[in-house]
Amino acid sequence: MYKINDLLDISKTIATEHFEGKIYPWEALSGIEDLIYKLGAALSEDEFDHPEDGVWIAKDAVVYPSAYIKSPCIIDKGAEVRHCAFIRGNAIIGKGAVVGNSTELKNVILFDSVQVPHYNYVGDSILGYKAHMGAGSITSNVKGNKTNVVIKNGDEQIPTNRKKVGAFLGDFAEVGCGSILNPGCVVGRNTQIYPLSSVRGVIPEDSIYKSADIVIKKQ
């Protein structure tokens, strides 16, 4: 439930090659900077602007003048980066994705058609195809005691060997408004998180998360 092939259709991102040969999605949090420079160097000048070192923006993407974009970053075709978005670098924004007003990104891969449209923080995270985060929902990427993040699935514990790990959303995952995805949270494909939830551990695919004690299978 927490492996790359359980969560993600890796054909739905410009970063496909970065996931090949890896088992767990948190492995893909390393090397995003180098990946962006490699991918960017191969992008067509007819299709992408290159306004500064390490930044590539598709010519048909919409980027509001008030958005801040720090290198390195790729904004793929048809994406929209709205008013006062804050992209702190090491960010890949997929085709048709939406990065909304006052949303902050750092060390992330947003697959195609992802939406983080209103007041979201997404750090050290990977969001699968058509995943959506409701207004004010955030990823928490550092534990209070600053120790390495462990992925918890029932009694099973999988070390990430990383201090900063946010969340991993499977394709079509829906996160309700005002929710917190705690460090190392994994939300399965097609799963829905109720608004105002505090989510930990691995949530199975095709589920509805109402609370930590109430997770039901979709009918």
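A residue is taken as buried when its relative accessible area is under 20%, as exposed when that area is over 50%, and as partly exposed in between, with a 1.4 Å probe and protein chains only. The model is predicted, so that local features need pLDDT of at least 70 and side-chain atom pairs count only at pLDDT 80 or more, while totals for chains, interfaces and linings use all residues. Residues are numbered from 1 along each chain as its sequence is written, and side-chain values use heavy atoms, with hydrogens and water left out.

T103 is found in the loop between β9 (98-101) and β10, strands being DSSP runs of E of at least two residues, numbered from the N terminus. The C-alpha atoms of T103 and F86 lie 6.1 Å apart, although 17 residues separate the two in sequence. When neighbours within four places in sequence are left aside, T103 is in contact (heavy atoms within 4.5 Å) with C84, A85, F86, V116, P117, H118, Y119 and N120. The side chain of T103 also reaches the backbone oxygen of V116 at 3.2 Å.

Strand β10 itself (residues 104-110) is largely enclosed by the rest of the structure, because six of its seven residues are buried. Strands are treated as paired if DSSP finds at least two bridges between them. Strand β7 (residues 86-87) runs parallel to β10 and is joined to it by two bridges, with L105 of β10 as the bridge partner of I87. Strand β8 (residues 91-93) likewise pairs with β10 in the parallel sense, over three bridges, and here I93 has L110 as its partner in β10. Six bridges join β10 to strand β12 (residues 121-127), again in parallel, and L105 stands opposite V122 in β12.

The side chain of T160 reaches the backbone oxygen of V149 at 2.6 Å. With neighbours within four places in sequence left aside, the contacts of T160 are W26, V149, I151 and V165.

V149 also belongs to the lining of the largest pocket, together with K143, V150, K152, N182, P183, G184, R200 and G201. A pocket is here an open set of points on a 1 Å grid over the protein atoms alone, where a 1.4 Å probe fits, with protein on both sides within 12 Å along at least five of seven lines, and lining residues have an atom within 4 Å of a point. About 170 Å³ of space lies in the largest pocket.

Definitions and conventions:
Grid points are joined across faces, edges and corners, and a volume is the space filled by probe spheres set on the points. Helices (H or I, at least four residues) and strands (E, at least two) are DSSP runs, numbered from the N terminus. A polar contact is a pair of N or O atoms within 3.5 Å; within protein, one must be able to donate a hydrogen and the other to accept it, and residues adjacent in sequence count only if both atoms are side-chain atoms.
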